[in-house]
Number of protein chains: 2
Amino acid sequence: MRYGVVGVGGVGGFYGGMLAKGGFETVFVTKQRYLSVFKDKGLTVESYKHGKFTVKESGKVVFTDSYDVLKDCDVVLLCVKSYDTESVVQELSKVNGDFAVVSVQNGIENEEIIGRYLGDDRVIGATAFIGSYLKEPGVIVHEAAGLLEIGEIDGKISDRIKHIAADMEKAGIDVRISKDINYTLWKKLLWNVAFNPYSVVTGVTVGQMLEFEYTRSILKNLMLECKKVAAAYGISLKDSTIEGYLKSSSDLREYKTSMLLDFERGKPIEIEGITGALIRKAKRKGMKIPYNECVYGTVKFFDLQRKI
Amino acid sequence: MRYGVVGVGGVGGFYGGMLAKGGFETVFVTKQRYLSVFKDKGLTVESYKHGKFTVKESGKVVFTDSYDVLKDCDVVLLCVKSYDTESVVQELSKVNGDFAVVSVQNGIENEEIIGRYLGDDRVIGATAFIGSYLKEPGVIVHEAAGLLEIGEIDGKISDRIKHIAADMEKAGIDVRISKDINYTLWKKLLWNVAFNPYSVVTGVTVGQMLEFEYTRSILKNLMLECKKVAAAYGISLKDSTIEGYLKSSSDLREYKTSMLLDFERGKPIEIEGITGALIRKAKRKGMKIPYNECVYGTVKFFDLQRKI
């Protein structure tokens, strides 16, 4: 199959880079201002697991800033931050192709947005459990994990899912087909909704938040509210998952969340895709989630403040 | 009547200073380390309204670090921060006297604590609407307002209340007898519970918090929860009070809460007497107040962090 990758950061750069290295036709869509870097130097991945490799433009590998080149793709990996989902999907909807779109993103609204513009049958869900980041344009550092779970929204093990998983496996990606990708997405949201925004409020590492009774209790309440909303959508998250997330470990002592890192670096933060999405989901069911609302409002305020 | 004042900071220094200046016998109990300053230089008040005056030790005015001197007082004004209430009241309970105690403090647990050690009939409630602070030991700056409302807990207009109010008026204090001091205390708590702790979370002025939808909404929810708890104790706070508190004004633009100022100066903060007290009151009625719990936990965390 022919692959497209939109968003060549830590996530898209790694998975797309692996596919290209594995010999698959891959089209990378990036921002215009980075394009010359890719054209000149290609895409380099420095992986703790797969070593350092560079993928250069060739007959099989294309770097472009034009969405139109995606028209011959079978599958597009959507790897942009959730605050860019809608604008990117609007662009994708103008492309005259029938590729499936795999959302490799944080949040729980991306699949809905993709479906709204492209049709639900073209949407595939995914969660990436990976530690990777953009060191500089064109250079990705992959420093931890890497598991990609993919699945049809309706849970069916379709031919296309099997085909994608087989290709990825051939390319060396640690991939798993999820029979319940909604559950997997909510389970990931459970962590994201607590640790990411509250770390922006506290300004400290995950380990420091877990060390104190007061902050651990707030993290727990943020997750309990998420669990309640999930239940209203038929997703049964487990108390044991919450308890697991609340266990501190030496790995986490110095670990800063991606949202805090983005905040500190003056980058946009994914608060809307994560907490904003949960609050909207809750509202649709007539539910209030005050811990999340309180943390959300505070993070939004900090986000506005730094723009002044 | 003979007056005692415990805690000679912005509040105790002003009201006690006015009584002493007015010719009433006044005993000031202060910390041992400040005593020599008072003995040498007396107590100076720099008031926007009453000018600058100094009260020196004399037959009528006593500065001491010993609670025992209070034994001949009729009335003791308790003007310490709420986190010191319990330890001070324990000392007062050892004094062989039957003075009434007027709590001129923030919070809603002080009266209970005083009653527990000294008997409920010795407690008088009060709220001070005043802008004053300790410039240096022995020097108080009074820069705004000054109204003191006092009242018996049961609302009766007792002889002692009339007597105290008359004395204070003679001394030039702006005093009013409250027929419902509980209501007045809760009304003050309504402001305190929102603006004080949340200003420690945001680190900004009252005006800045009121300027943005997100933070204003959180302040409103903090107050709505307080209103609910008050109702469970038979106190009907008004929506119009909340709306009034949420109106921004030019006075507030640069106004920092006392809790934020204390926090920034590395001093202890009154989070327990304010939000901690409200959470305990709620718990006793089986109520949850998540906005307040979330803000409380965050402030407690910041308070712990700065001690590390």
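I began with Lys300(B), which sits in helix α12 (residues 290–307) of chain B. The model is a predicted one, and I read every value below as computed from it.

**Interface of chains A and B.** The contact takes 23 residues from chain A and 23 residues from chain B. About 2,100 Å² is buried between the two chains, and carbon and sulfur atoms give 77% of that area. I searched for salt bridges across the interface of chain A and chain B, and the rule finds 0. For polar contacts, the count between chain A and chain B is 4 residue pairs, both residues at pLDDT 80 or more. Which elements give two or more residues to the side of chain A that touches chain B? They are α6 (181–202), α8 (213–232) and α12 of chain A. α12(A) gives the most, with 13 residues.

**Helix α12 of chain A.** This helix covers residues 290–307, which is 18 residues. From first C-alpha to last it reaches 26 Å, close to the 26 Å expected at 1.5 Å a residue. I also checked its cover: 13 of the 18 residues of α12(A) are buried.

**Nonpolar core.** The largest nonpolar core has 97 residues. Those with the most contacts inside it are Trp186(A), Phe195(A), Trp186(B) and Phe195(B). I listed the contacts of Phe195(B) beyond four places in sequence: Val206(B), Met209(B), Leu210(B), Leu219(B), Met223(B), Tyr245(B) and Thr257(B). In soluble globular proteins, nonpolar side chains tend to be buried together.

**Salt bridges.** Over all chains, the search finds 39 salt bridges. I noted a few of them.

- Asp72(A) forms a salt bridge with Arg2(A), with the closest N and O atoms 4.0 Å apart. The pair links distant parts of the chain, 70 residues apart: Asp72(A) is in the loop between β5 (61–64) and β6 (75–78) of chain A, and Arg2(A) is in the segment before β1 (3–6). Arg2(A) is buried, because its relative accessible area of 16% is under the 20% cut-off.
- Arg160(A) pairs with Glu152(A), the closest N and O atoms being 2.7 Å apart. Arg160(A) is partly exposed at 26% relative accessibility, whereas Glu152(A) is buried at 7%.
- Lys94(B) and Glu91(B) meet through their side chains at 3.2 Å, N to O. Lys94(B) is exposed, with a relative accessible area of 60%, and Glu91(B) is partly exposed at 31%.
- In chain A, a network of salt bridges links Glu109(A), Glu272(A), Arg280(A) and Lys300(A).

**Backbone check.** Ala145(A) has a positive phi, near 50°, and is not a glycine. I placed Ala145(A) in strand β9 (residues 139–152) of chain A, and it is partly exposed at 30% relative accessible area. Ala145(B) also has a positive phi, of about 50°. It lies in strand β9 (residues 139–152) of chain B and is partly exposed at 31%.

Notes:
Residues numbered from 1 in each chain as written. Chains lettered and ligands numbered in written order. Heavy atoms only, no water. Core = buried A, V, L, I, M, F, W, Y, C linked by side-chain atoms within 4.5 Å. Buried < 20%, exposed > 50% of the residue type's maximum accessible area, 1.4 Å probe, protein only. Contact = heavy atoms within 4.5 Å. Helix = DSSP H or I, 4+ residues; strand = E, 2+ residues; numbered from the N terminus. Expected span 1.5 Å × (residues − 1). Buried area = accessible area lost by both parts, 1.4 Å probe. Polar contact = N/O pair within 3.5 Å; in protein donor to acceptor, adjacent residues only side chain to side chain.
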